[in-house]
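User: I would like to learn how to read the ligand and metal sites of a model, and then its strand pairings. Could you guide me through them in turn?

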Amino acid sequence: MGLDSFSGARSAEEVAELRGRANEAAALAFWFAIIGGLGGVVIALAVAALIARSILQPLSSLKSAALAVAKGDLEMRAPVSGPQELAQLGTSLNQMTESLLDASKRRELEEEREQAEEMFKTLANSSPIGIFVAQDGKFQFVNPQFQTYTGYSEDELLDTECLKLVLPEDRRTVRENAIKMLKGEGSSPYEYRVITKGGETIWIMEKVASIHYQGRIATLGYYMDISERKQAEEIIRHLAYHDELTGLPNRKLLKDRLDIALAQARRQQSKVAMMFLDLDGFKIINDTLGHVKGDQILQMVGARLMGVLREGDTVARMGGDEFALLFPAATETEEALRIADRVAKGFDRPFVVDGQEFNVTASIGVALYPDHAASAEGLIKSADMAMYRARDRGPGHSELFSPVLRGERTDRPVRESDLREALKRNDFVIHYQPQVDVRSGKVVGAEALVRWQHPVRGTIFPDDFIPLAEETGLILPLGEWVLRTACAQNKAWPEARAYPIRMAVNISPRQFRDPDLVRRVTEALNEAGLAPNRLMLEVTGHAVIQDIDVALATLEQLHVLGVEAALDDFGSGLSSLSRLQDLPVQALKIDRALLRDVVTSHEQAAIAAGAIAVAHKLGLRVIAEGVETQEQLAFLKEQGCDEYQGYLFSKPWPAKAFEWNFSSGRRRSVSV
Ligand code: C2E
Ligand code: MG
Ligand code: MG
């Protein structure tokens, strides 16, 4: 249909028809439009649904993960799925969470570390012990006590080389210890000297450990000023071995040297000569001239005697106007007598004091090992006896020991075969000496002291046969017998006595070295049915220092067993306080040599008081032995000594007599 037909003259019907068709077309178009539109919507909805599934779900998971993380749940992880971008987003979110977790853990650790450091500092600041931390050999931390000890301030110490404080001679010790620690070999406390800011030298006991400090390996050190103890030891050592007035060795040093000389003579089958010398009428000189001049003469006598000696000989002042001379290399009696003559000749010239001449003579007693005695004690006694005899004969005499002088005592050397025989026949008895509580006066223990009842010679004292028993190893069966008998005796006593006491048994160096000692002790206790805490073993410093590591192990085992140990004869010879703090002993027995002159000599009193104080500081009980006078006991009481034994209270008694004397009701007590 053309336009002209439309625009031309058309009939009304045509127009109506045309209009109708146009309306139809319009309606169709409308429906088409409607249907087309609806289709689009449906498609759009389908597409949207698809998009929702692949994007919105991961997105929502991501969102919940992010929310959870935001709330602090650092264990939450986002899904790593969906379109690449979303998966990446998930990965990134997870990475972020991981690092947040790391940071939080670190913070926690950091807080813990800070707390620990805070605690360490609080402790360190109030510690009575010096504490430091060092890295690369330099101080990184020092507590106030450390500063007090060294005199340096924190500022002066931090970043300073630790070794700078150490006395040059001791730097090697410190360095070696540091290396040991770095190698992980551990470190035990060790001692060295430090120079303080004020230039003073102090003794330090240090123990170090390896720690982490501010993220790095560091050394933590505990630091204690032990100068006081060292000083006490030094004084004790010096005073203990020398005579203040003449500077000569004293009785103790003489005894040490005599022990060494005798051991050597036993090995070499040679002789040792001992001389005792007493100035004649010295008391009169002292009384008329006064102590000052008397002392000067004593000093001159000391010097003159020194002139007679050769290398290896010893002259000692035994106290008062008594001197002793030891000749370890004397070969024969004649030679000893020749030396005695030489000594006597030394007194031919007068002594000049303040321009005034004095003639002094000496009485000399001579004794020889092994001719006159088998032991150190015996030889000293023999020389002493010979000297008394010489004095009886008038001024300026010398006298060789003679068995006639021995009287009751049997100092003759004993033979190994005799000793073996005696063991077989059981010719030994034990005497018990009470150990008394100083404060209460109560008997708290007994020391078992063995005696040999010789069928012909009578009682032989341990000093005269223990050395031979040691040498021959016979001390092992003898010591075991003493141990068993003493344990059984102590078990038997409570029935007769009012209360149980502790039994002390002497253990000689040879016994102490015996690897079976602990077993033997255990067996003796079991056999007697005695509680371990009712036994105490007395060992000498000499036994302990022979092999300190073995000694420590043995003492430790005894301690575990519950048996106490006491260090015997302290102050008599080689004993020293230096390793005392390491020793698992519970008591210290102060020898009578140390107590002998406490009442008359300030130095001796200072030494004894020092020894008691140091022992107490180390937590040890102190037992004084050989207490003979009320004055000595009063001194011990004043010094806080715990227990004592000695003739003042009682001599050693056989078991029956001990029981009778010290059972309930008959207990003697000594008051001060
Ligand atoms: P120790 O263990 O130092 O014993 C103390 C010694 O001093 C004893 O001498 C004792 O009798 C004596 N004593 C006690 N009070 C006094 C006193 O007030 N003044 C004086 N001057 N002396 C006093 P003892 O019995 O002659 O023993 C000497 C040493 O023999 C003992 O010294 C000990 O080391 C050793 N010993 C004794 N018995 C045994 C034993 O069974 N086994 C071993 N291995 N050694 C023993
Ligand atoms: Mg003893
Ligand atoms: Mg003793």
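Analyst: The discussion below takes the ligand shell, the metal sites and the strand pairings in that order. This is a predicted model, in which local features need pLDDT of at least 70, side-chain atom pairs count only at pLDDT 80 or more, and totals for chains, interfaces and linings use all residues. Residues are numbered from 1 along each chain as its sequence is written, chains are lettered from A and ligands numbered from 1 in the order in which they are written, and side-chain values use heavy atoms, with hydrogens and water left out.

User: How many residues surround ligand 1, and which are the closest?

Analyst: A residue is near a molecule if one of its heavy atoms lies within 4 Å of it. Here 24 residues surround ligand 1, the closest being Gln433, Arg451, Asn506, Glu628 and Tyr647. They divide into nine nonpolar, six polar and nine charged; Ala, Val, Leu, Ile, Met, Phe, Trp, Tyr, Cys and Pro count as nonpolar, Asp, Glu, Lys and Arg as charged, and the others, Gly among them, as polar. The largest share of the shell, four residues, comes from β14, where a strand is a DSSP run of E with at least two residues, a helix one of H or I with at least four, and both are numbered from the N terminus.

User: Which polar side-chain atom lies 3.0 Å from a nitrogen atom of ligand 1?

Analyst: A polar contact is a pair of N or O atoms within 3.5 Å. The side chain of Gln511 provides the polar atom at 3.0 Å from a nitrogen atom of ligand 1. A polar backbone atom of Val450 is 3.1 Å from a nitrogen atom of ligand 1, and a polar side-chain atom of Glu625 lies 3.5 Å from an oxygen atom of ligand 1. The protein covers 87% of the 800 Å² of accessible area that ligand 1 has on its own, by the Shrake-Rupley method with a 1.4 Å probe.

User: What coordinates the magnesium ion (ligand 2)?

Analyst: Donors are N, O and S atoms within 2.8 Å of the metal (3.2 Å for Na, K and Ca); water is not among the atoms, so sites may look incomplete. The magnesium ion (ligand 2) is coordinated by Glu447 (OE), Asn506 (OD1), Glu538 (OE) and Asp568 (OD), at 2.0 to 2.2 Å. Asn506 in strand β16 and Glu538 in strand β17 link distant parts of the chain, 32 residues apart. Asn506 is partly exposed at 27% relative accessible area, whereas Glu538 is buried at 1%; buried means under 20%, exposed over 50%, and partly exposed in between (1.4 Å probe, protein chains only).

User: Which residue coordinates both magnesium ions?

Analyst: Asp568 coordinates both, and the ions are 3.8 Å apart. Asp568 lies in strand β18 and Glu625 in the loop between β20 and α23, so the pair ties together parts that are 57 residues apart in sequence. Both Asp568 and Glu625 are buried.

User: How many bridges join β4 to strand β5?

Analyst: Two strands pair if DSSP finds at least two bridges between them. In this case 10 bridges join β4 to β5, which run antiparallel, and Tyr213 stands opposite Arg216 in β5. Their hairpin has two residues between the strands, and Gln214 in the turn has a positive phi of about 45°. Strand β3 is joined to β4 by six bridges, also antiparallel, with Glu191 opposite Met205 in β4.

Conventions: Polar contact = N/O pair within 3.5 Å; in protein donor to acceptor, adjacent residues only side chain to side chain.
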